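Open the model in your viewer and keep the sequence panel beside it. This tour goes from one selection to the next and says what is there at each stop.

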Amino acid sequence: DAGAEPSGDGPADTAEGGAGGADAETVMNLDSDVSLPAGAPVTCRICFMEVPASASLGAPCGHMFCKDCYNMYLDNAVEERQCVCATCPEDKCTTVVPPNLWTRALEDPAKLQKYRTFRIDNFIANSKDLRWCPAPGCTKVVRAGALVTSVKCSPGGCGFAFCMKCG
């Protein structure tokens, strides 16, 4: 079978939810359990500037950074293609930056799209049942069971036949 063209809305890209808007009393930082009173200042752990809680972001680990520093950190991770498993910028922290923190922190829509594309590519590359159709110009993903080796990019695909194991 051929799957649909990756659109950013497929199973590899479903964690786009969010914590919703902040109310007047609490600022929620995405997927984290970190909540701060709206008036409490935060010291960015990168630039060491003190910013209002509403101008900061934090992953579930609770390490807080100003939005400008988080944006630059994630922007750099995209440019270096190290974004799929990017961790919190805090030294030695292993908490992976959750998808909706990327959505909130990255200001450049083109960089956000690159990040989403890298996530989809990574998901497919690490799946035993999925593979990009190798035909020139084809953007379809083919799905086949573990014992299937010979596949055809169809229905709705280009019709190219190839081996799932070696391309």
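**Stop 1**

Select Y70. This tyrosine has 0% relative accessibility, so Y70 counts as buried. The model is a predicted one, so keep that in mind at every stop.

**Stop 2: a stacked pair**

Select W102 and Y115. Their rings form a stacked aromatic pair, with 4.1 Å centre to centre and 5° between the planes. The pair links distant parts of the chain: W102 lies in helix α2 (residues 99–105), Y115 lies in helix α3 (residues 109–125), and the two are 13 residues apart.

Are these two residues buried or exposed? W102 counts as buried at 0% relative accessibility, and Y115 counts as buried at 2%.

**Stop 3: the nonpolar cores**

Two residues from the earlier stops return here. The largest nonpolar core has 26 residues, and those touching the most other members are Y70, L74, V78, C83 and W102. Which elements give two or more residues to this core? They are β6 (64–66), α1, α2 and α3. Helix α1 supplies the largest share, five residues.

As general background, nonpolar side chains in soluble globular proteins tend to be buried together.

Next, select V78 and display its surroundings. Setting aside neighbours within four places in sequence, V78 is in contact with C83, W102, L106, K111, K114, Y115 and F118. W102 and Y115 are the stacked pair of the previous stop.

Then move to a second, separate core of nine residues; C133, V142, C153 and F162 are among them.

**Stop 4: the cysteines**

Select C88 and C61. How many disulfides does the structure hold? The count is zero. The closest cysteine sulfur to that of C88 is in C61, and at 3.6 Å it is too far for a bond, because a disulfide needs the two sulfur atoms within 2.5 Å. C88 counts as buried, with a relative accessibility of 2%.

For contrast, select C163. This cysteine has 24% relative accessibility and counts as partly exposed.

**Stop 5: two loop positions**

Select P60. It lies in the loop between β5 (56–58) and β6. At 39% relative accessibility, P60 counts as partly exposed.

Go on to G156, in the loop between β9 (150–152) and β10 (161–163). Is G156 buried or exposed? G156 is exposed, with a relative accessible area of 65%.

**Stop 6: the whole chain**

The chain contains three helices and 10 strands. Along the sequence they come in the pattern β-β-β-β-β-β-α-α-α-β-β-β-β.

Switch to a surface display. The accessible surface of the chain is about 9400 Å², and carbon and sulfur atoms account for 53% of that. Of the 167 residues, 36% count as buried. Among contacts with a separation of 6 or more, 47% are between residues 24 or more positions apart.

**Stop 7: confidence**

Finally, colour by pLDDT. The chain average is 77, and 76% of the residues score at least 70. Where is confidence lowest, and where is it highest? The lowest is in strand β1 (residues 26–28), with a mean of 29, and the highest is in strand β4 (residues 50–52), at 94.

Select residues 1–33. Over this stretch pLDDT stays under 50, and the model has 72 contacts there beyond four places in sequence. Where pLDDT is low, the predicted coordinates should not be read in detail.

Key. Residues are numbered from 1 along each chain as its sequence is written. This is a predicted model: local features need pLDDT of at least 70, side-chain atom pairs count only at pLDDT 80 or more; totals for chains, interfaces and linings use all residues. Side-chain values use heavy atoms; hydrogens and water are left out. Helices (H or I, at least four residues) and strands (E, at least two) are DSSP runs, numbered from the N terminus. Buried means under 20% relative accessible area, exposed over 50%, partly exposed in between (1.4 Å probe, protein chains only). Contact means heavy atoms within 4.5 Å. Accessible areas come from the Shrake-Rupley method with a 1.4 Å probe; for residues, only the protein chains shown count as cover. Rings of Phe, Tyr and Trp (its six-membered ring) pair if their centres lie within 6.5 Å; planes under 30 degrees apart count as stacked, over 60 as edge-to-face and the rest as tilted. A nonpolar core is a set of buried Ala, Val, Leu, Ile, Met, Phe, Trp, Tyr and Cys residues joined through side-chain atoms within 4.5 Å. pLDDT is the predictor's confidence in each residue, from 0 to 100.
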